[in-house]
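Biologist: Please walk me through this one, and spell out your cut-offs as we go.

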Amino acid sequence: MENIFATKLKELRERNSLSLQELADQVGVAKQSIHKFENGIVTPSSETLLKISDALNVSYSFFYENPVSYNLTLQNIKFREKHKINNEQLESEIKEDVCKYLSKFMELSAILDEDLEFENPLAGFEIATDKDIEKAAKLIRKKWKIGNAPIADVIETLENKGVFIVEINRVEDFSGLSGMVNEEIPIIVLNEYFNSVERKRFTALHELGHIVLEFSDELSETKLERYCDMFAGAILLVDDVLYAELGKNRTVITLAELKRIKELYGISIQAIIMRASTTGFIDNRISKEWWQSYKEWNTNDSPSDFGTYRSCERVQRFSKMLVRGVAEKRLSMSKAAELAEKKVDVLRRELDELNFSVK
Amino acid sequence: MFVINDIELLQRLSKHKILNYLAARCVISISGIRLNDYSLRVRQFIETVNEINVLQIEKDGFDDWIVGKRKNLSISDLSTIYVALCNRGAILVLSPEDQLLLPELKQSRVHYLQFDEFVIKQIQDERLIKLYNVIKAA
């Protein structure tokens, strides 16, 4: 406990950009005391630790959490093309956030005795050509029993299939990343900062591509990224559906038509045009004309003319499990608040507003 | 001494002056760690109520004691039990939502009683008991 506490205290103080003296002043102890706490020489009393928690804006239980004990390591991390992260510190912070979230998730799963294992629906299906991507998208829809209908909520769908999704909010320029935890738990990290609802859906499925698609070794990194983009588009809007929506022998397209498809299927207008092009629905010449039209709409039309897909697209699995746990009296309200990193009365108010009978 | 875990219920009792009656008849305590689990609004309110003793625990002993304890309880739930355990003769008062504490209380041989029982025994005033039932249900 002492060593974990000491390490956490030092990291947290530095993350809050506080000097030893500044923290000591806030807590009302000598600077040397903080130094001794951080070096594990002395353990603070519970009263002092409560003051430290307040000063650093964390709960008392924060110092008892131990994400390392789950031995979580991320492998196979892939960032979106053109959004590569070179900052090692950022990568390390993201990993830390992911591990912390997963630790809480696993703790909650253990309490509720729930285990959702991920099974790759495309295992053994090697991708070598564009056509394989279309086949893979259709296969995954079939195995997940989605049919050709719009996917109402991509994030909820992926969470229900055992993919862990973590939302973070970073100003750094990346939309998402994926990886495997301990070689068995697929994880997708989405950066809310840059993601509209449609982009979030697309990014989540692009990252899913990195997890489930098995690529031929000869494929270049660029091709691989392109295939993951195609995969995302193909899952959001199946080619047959696209053809039916657009009709035969199209040369000219209107913004109103694309807006309708976007609002129905939750796929951006750019991605729809890309789908029409990559599936061979339109040839290169018409594709160029459609992109030209898109540029003109972008110049002349207001953002509202481009439509918005109405969906929650928020990570919910953890919250749903918490609610279930409290409702079924499998964990105390205080434990739920501890896991959700919220104050007890705040969590209760939130649950009351949702009208769950968990008293 | 009676140790309370449900601080929001305590707050409501205080607002409706029932706590005054209770505190006049017994010593009411809460765990400092438990209080920290609530928002500043609740904490500030409780800190102004003189009738409530906020007790701190001896951290090293608590850290040793919580090892292997039930995972469906929070650190602050456990701190309430520990406060009751460390204070001779203390009785932990359980609100309806504290029932998950029961197995640990039994395991640790901490004395406890239900909140309703506590109120009825201490107040012995029909009008206030009725008011308590209304507050509890709110």
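Biologist: Which residues does A:K138 touch, not counting residues up to four places away in sequence?

Modeller: A:K138 lies in helix α6 (residues 130-143) of chain A; helices (H or I, at least four residues) and strands (E, at least two) are DSSP runs, numbered from the N terminus. Contact means heavy atoms within 4.5 Å. Leaving out residues up to four places away in sequence, A:K138 touches A:V238, A:D239 and A:D240.

Biologist: Before we go on, what kind of model is this, and what pLDDT do local features need?

Modeller: Residues are numbered from 1 along each chain as its sequence is written, chains are lettered from A and ligands numbered from 1 in the order in which they are written, and side-chain values use heavy atoms, with hydrogens and water left out. This is a predicted model, in which totals for chains, interfaces and linings use all residues, side-chain atom pairs count only at pLDDT 80 or more, and local features need pLDDT of at least 70.

Biologist: Thanks! How far apart are the C-alpha atoms of A:K138 and A:D239?

Modeller: A:K138 has a relative accessible area of 34%, so it counts as partly exposed; buried means under 20%, exposed over 50% and partly exposed in between (1.4 Å probe, protein chains only). Along the chain, A:K138 and A:D239 are 101 residues apart, yet their C-alpha atoms are separated by 9.3 Å.

Biologist: What share of the contacts in chain A with a separation of 6 or more comes from residues 24 or more positions apart?

Modeller: Chain A has 16 helices and six strands, and 50% of its 359 residues count as buried. For contacts with a separation of 6 or more, the share from residues 24 or more positions apart is 67%.

Biologist: Now the two chains. How are α15(A) and α6(B) oriented to each other?

Modeller: Two packed helices are described by the angle between their axes and the distance between the axes. Axes are lines fitted to C-alpha atoms, for helices over the stretch in contact, and angles run from 0 to 180 degrees between N-to-C directions; under 35 counts as roughly parallel, over 145 as roughly antiparallel, 65 to 115 as roughly perpendicular and the rest as oblique. Helix α15 (residues 333-340) of chain A and helix α6 (residues 75-86) of chain B have axes 7 Å apart at an angle of about 135°. The two helices are therefore oblique.

Biologist: How many charged residues does the contact of α15(A) with α6(B) have?

Modeller: On one side are A:S334, A:K335 and A:E338 of α15(A), and they meet B:I75, B:S76 and B:D77 of α6(B). By class, this contact has one nonpolar residue, two polar ones and, as charged residues, three. For the classes, Ala, Val, Leu, Ile, Met, Phe, Trp, Tyr, Cys and Pro count as nonpolar, the others, Gly among them, as polar, and as charged Asp, Glu, Lys and Arg.

Biologist: Let's turn to the rings. What kind of aromatic pair do A:F62 and A:F63 form?

Modeller: Rings of Phe, Tyr and Trp (its six-membered ring) pair if their centres lie within 6.5 Å; planes under 30 degrees apart count as stacked, over 60 as edge-to-face and the rest as tilted. Over all chains, the structure holds 18 aromatic pairs. With centres 5.3 Å apart and planes at 85°, the pair of A:F62 and A:F63 is edge-to-face.

Biologist: And how many residues apart in sequence are the parts that A:Y243 and A:F281 tie together?

Modeller: A:Y243 and A:F281 are stacked, at 5.3 Å centre to centre and 15° between the planes. A:Y243 lies in helix α10 (residues 239-246) and A:F281 in the loop between α12 (269-278) and α13 (284-300), both of chain A, so the sequence separation bridged by this pair is 38 residues.

Biologist: Which residue lies over the face of A:F62?

Modeller: A charge sits over a ring if NZ of Lys or CZ of Arg is within 6 Å of the ring centre and within 35 degrees of the ring normal. A:F62 is buried at a relative accessible area of 14%. At 4.6 Å from its ring centre, the residue over the face is A:K8.

Biologist: Last one: what is the phi of A:K329?

Modeller: Most residues other than glycine have a negative phi. A:K329 sits in the loop between α14 (317-327) and α15 of chain A. Although A:K329 is not a glycine, its phi is positive, at about 60°.
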